[in-house]
Amino acid sequence: MAEKLERLDRAVSHAFGISRTIAARAIKAGRVAVDGQEAADPSLKIQKTATLSLDGEDVGVEDAFAKRVFMLNKPAGYVSADRDANFPTVAGFFQGEARSEELHCVGRLDADTTGLLLVTDDGDLNHRLTSPKKGVVKAYEALTRDPIKASDAKAFASGLRHPEEHSRYRPAQLVTTGEKSAVVYVTEGRFHEVKRLFECVGNEVTELRRLSIGRLELDDSLDEGEYRMLGKDELALLFEAPESWQDPEKS
Ligand code: URA
């Protein structure tokens, strides 16, 4: 079966991170080749399997359109959004990337939450990771104002109800790691979910950091504000449950 076709100017724009207008100009100026043959018509339809050259630099069309997924070590003080009237956004970290306007956060971390945030131009993947139906497990390290009570793990596992929510939270797993620290596993990703779970048991989160999504952990070689692209193997980890996750709905 023939591969889907792409317009040459669009493919050149993607492949070399330049605008469609500049791509069309480069094509008309004879600076572009398709599979080694000079191509001067911006509207030419090319195969997805073709290789493009601009001034002698080669890029496969398939690679040019490959979706990107980045992991960011989000610092506190940044909003998980493309733009915001009052605060800096995580989008600012990606301004140097080609087609940065196509990159969006996978879900949201509160401005004061730090840690693992994914940013992608793959809308389908974004939906699969954030849809509560998919039950992707997200783990957070929480520090709390007051000591965590022995009864809290049971309460989290029971499916708590917050006064500002219409329905109960899906059961969550609470693993106490210190007098005022814990790792919390959730599968929904509702607004302020971890903070509100603690509010339900009369406590308050003072610091929150996302550690992992599925079995993908934050790369601790990334300083705050640094990011890197995920590989294919890492993408598969996102949909696997972490080893320490014990689904409270099944126990
Ligand atoms: N739960 C919260 O309360 N805040 C976050 O940023 C993420 C999960």
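**Close-up views of a predicted model**

**View 1. Helices α1 and α2 cross with a right-handed sense.** A crossing counts as right-handed if the near helix is turned clockwise from the far one by less than a right angle, and as left-handed if anticlockwise. The model is predicted, with local features needing pLDDT of at least 70, side-chain atom pairs counting only at pLDDT 80 or more, and totals for chains, interfaces and linings using all residues. Residues are numbered from 1 along each chain as its sequence is written, and side-chain values use heavy atoms, without hydrogens or water. On the α1 side the contact (heavy atoms within 4.5 Å) involves Leu8, Asp9, Arg10, Val12 and Ser13, and on the α2 side Arg20, Ala23, Ala24 and Ile27.

**View 2. The largest pocket holds about 460 Å³ of space.** A pocket is an open set of points on a 1 Å grid over the protein atoms alone, where a 1.4 Å probe fits, with protein on both sides within 12 Å along at least five of seven lines; lining residues have an atom within 4 Å of a point. Its volume is the space filled by probe spheres set on the points. Of the 25 lining residues, Gly107, Arg108, Leu109, Gly189 and Arg190 lie nearest the centre of the largest pocket.

**View 3. The second largest pocket holds about 340 Å³ of space.** This pocket is lined by 18 residues, and those closest to its centre are Ala66, Lys67, Arg68, Val69 and Met229. At least two lining residues come from each of α1, α3, α4 and α7, where helices are DSSP runs (H or I, at least four residues) numbered from the N terminus.
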